[in-house]
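Look at how the two chains meet before turning to the folds inside them. The paragraphs below start at the interface, pass to the symmetry and end at a sheet.

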There are 2 protein chains.
Amino acid sequence: MYLSREYAPQGIGLGPLLQRAQSDKASVKETVRDVLDTVRLKGDTALYQYESQFDNATLSSLEVTEKEFQEAETLVSDSLKQALGHAAKNIRAFHQCQMPFGEHLVVEEGVELSRKIVPIHTVGLYIPGGTAPLFSTVLMLAIPASVAKCPCVVMCTPPSKEGKVNPAILYAAKISGVSKVYKVGGAQAIAAMAYGTESIGKVDKIFGPGNRFVMEAKLQVASQCCAIDMPAGPSEVMVIADRASNPEFVASDLLSQAEHGPDSQAMLLLIADREDADVYLDKLEEAIAVQLRALPRTEFLLSSLSHSHAIVVCDGKSACAVANAYAPEHLIINTTNADELEKKIENAGSIFLGPWSCESAGDYASGTNHTLPTSGWAHSYSGVSVDSFLKKITLQRLSEQGLRNLAPTIETMAGFEMLDAHKNAVAIRIGESK
Amino acid sequence: MYLSREYAPQGIGLGPLLQRAQSDKASVKETVRDVLDTVRLKGDTALYQYESQFDNATLSSLEVTEKEFQEAETLVSDSLKQALGHAAKNIRAFHQCQMPFGEHLVVEEGVELSRKIVPIHTVGLYIPGGTAPLFSTVLMLAIPASVAKCPCVVMCTPPSKEGKVNPAILYAAKISGVSKVYKVGGAQAIAAMAYGTESIGKVDKIFGPGNRFVMEAKLQVASQCCAIDMPAGPSEVMVIADRASNPEFVASDLLSQAEHGPDSQAMLLLIADREDADVYLDKLEEAIAVQLRALPRTEFLLSSLSHSHAIVVCDGKSACAVANAYAPEHLIINTTNADELEKKIENAGSIFLGPWSCESAGDYASGTNHTLPTSGWAHSYSGVSVDSFLKKITLQRLSEQGLRNLAPTIETMAGFEMLDAHKNAVAIRIGESK
């Protein structure tokens, strides 16, 4: 059996099953603190040194040149260019309709309130290196920044040993409006964007995924000087299915999550009686076995499945209760009554409805964002959206009469809070004091 | 002279002047880590012990009882009740109009995307104790939570030595929809809300101001398990004025900020020629001297003014450049062309336009929120609003045809990212593989 089976007809006592793996981070914290301090003190010098040490790359400059961008464009195949264009169109369209409007309200005579929407000036995107070139993440971060009209969008990504950035990443950056790309990876890239160096300007907010060093670096700078998109852990999916759900589809969704890394989690909530459940789960196991044979990344797949579970629940209500407790990054509701169940979901990053909405559609091309809260953070965070690249600034304009009308209220409250200078700012204006 | 004078006609080289005070936090970090660990391990026992140790309060229970609420209501004066009612009405009205709508988009045939708006389930508000009862902050946090329809809103605030909570705080909590109030303060309150104890349930997000122990505790839990509103430092104001601005008004605004605490900052940007500037600043100094005589909290006022500055700039454009670099929590534009300057401001928590819009109007009663980004965080953060209490969850529903249309794009991208199981989830569905 690939998935452990748990029977929880009331959806109770699942606590330990729904826990995410916790990594011991003491040594990561120390290493990251050291990298951050070094970059802050030594700037570019530290970046060149770390790129040599961690990425085996000897760089002559950090910034990707116009020539490299042009070269990249010739190296990307037409089929990939077309796919990226299609995905970018959908991502842009959905994020465009997320653009908020400011409000304006005359709350009482002479008291005019409003909010204005302002893009964050300089945003930094981090795109990991590693085995696969994550050009899809470039689209998912740079397009909302472009829709929000952020004036300056920079990107850091680790170079290959040859000092090159994957052409598909550069092409994706170009079509989605990234201003500058730098060949820096890991915690040192986060440090460079948070503090600024000679080559890389300080940014206001950092976005993007990464390994535990990158994530720890983001958390550390977030408490010092630079906002981040959200804390993050390993990727995860929860699938809600019932007897009518095609087990091959369900198997393929669990596997597509499990291939992300060894610590991904692929959870199944099966709505069924105990006997039906076992019949269904046997079919599912068989489908997993068949599909596994044709897939690479077997080590990641098996490792992820080993800490994933199939949880059997008695009804849709229990399924939703478990899903809300787990707060999955991705929630696939592959049942005929998906819409009805979805109404009960309050904690999830993104929801996929019905049999045809596989997670990979949203990962790449439907138009929703794939940067989503993991590790239960969907209890409080939303995924990345245009909002993540905007600020809202409140404004007020009072007339003399407006202030006179509000004065007794302000003065009474300031008096009871023992803030006399607050009271004085009103009294001086309406001629009460001096 | 209360304010140091700096002449920077080009708005250049101001870096050091615009720096906020940095406190050395190593010992605070250690103490807080210890308090957090103790509360996580010992729960209520630790809370009772810390309340005895830090607040000199011997408590028999942590939760404020219905009887205490009723008692509080009888103790609050009618004038304060009326003032709180007036402020609450305006705060509710302005936050009500911030309520966003979800989007819905058929991005291409058979690909339906949307976002739904969901309140964060359980939010925890922290209200500091200390010299003044901050009932205004209760309104500023609990009313947006109520507008957002958060199902569970709890509050922690330190009790007096007699084990009581200030009646105005309880009354404000009651009229703004707080579910439960607990008598716990400091880092231990943050720990209780972040981890949960026997008496206090774990919350999803913590809001509210506090001393450096509270702030450090919020930062630490934010990287572990519980979202927070924003990082925060001492309160601050920047006033943009010119020769036509009433110096008494300007003095009163600087002083009303300076009284918050010894580390508050009250900055003036004066648009003037050098000679005019000195004449104006002499008048301002005189107004400060006169007003200071009538105010208590002299120690805070003088301490804050000692690290505040009057910066003279040659024109409105330079003033806005300096303001954007400083990114003030509160920005008062007390000039006749306030609207024109405001258009150039992109970094500020809240903006007050014209001579009659004193900061204390927004602090208490106009309806805007007073929980705002300090210490330059206005470069990336907005103040607290209804948004802070909501999540947005993306949804998608694909039809079979919708998936077929997207399939080549998804499969091409997944292939180049070497995520074959992602590709497989599409292929299985459209009958390409097995």
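Between chain B and chain A there are 12 salt bridges, a salt bridge being a side-chain nitrogen of Lys or Arg within 4 Å of a carboxyl oxygen of Asp or Glu. One joins the side chains of Arg397(A) and Asp339(B), with N to O at 2.9 Å. The model is predicted: local features need pLDDT of at least 70, side-chain atom pairs count only at pLDDT 80 or more, and totals for chains, interfaces and linings use all residues. Residues are numbered from 1 along each chain as its sequence is written, chains are lettered from A and ligands numbered from 1 in the order in which they are written, and side-chain values use heavy atoms, without hydrogens and water.

Polar contacts cross the interface too. The rule finds 70 residue pairs, both members at pLDDT 80 or more. Such a contact is a pair of N or O atoms within 3.5 Å; within protein, one must be able to donate a hydrogen and the other to accept it, and residues adjacent in sequence count only if both atoms are side-chain atoms. On the side of chain B that touches chain A, 60 residues are nonpolar, 39 polar and 26 charged. Here Ala, Val, Leu, Ile, Met, Phe, Trp, Tyr, Cys and Pro are nonpolar, Asp, Glu, Lys and Arg charged, and the others, Gly among them, polar.

How much area do chain B and chain A bury between them? The figure is about 10600 Å², with 59% of it on carbon and sulfur atoms. Buried area is the accessible area (1.4 Å probe) that two parts lose on being put together, summed over both. In chain B, Trp356(B), Gln396(B) and Arg429(B) lose the most to chain A, together 8% of what that side buries.

Strands also link the chains. Strand E14 of chain A (390-398) runs parallel to strand E13 of chain B (350-353), joined by four bridges. Strands are DSSP runs (E, at least two residues), numbered from the N terminus, and two strands pair if DSSP finds at least two bridges between them. Gln396(A) has Phe352(B) as its bridge partner in E13(B).

Now the symmetry. A rotation of 180° with 0.0 Å of shift along its axis superposes chain B on chain A, RMSD 0.0 Å. That is the relation of a two-fold axis. In chain B, Pro100(B) comes closest to the axis, its C-alpha at 4.0 Å.

Within chain A, an open sheet of five strands has the order E6-E5-E4-E7-E8, with parallel pairing. Its edge strands are E6 (180-182) and E8 (227-228).

Methods:
Least-squares fit on C-alpha atoms with pLDDT ≥ 70 in both.
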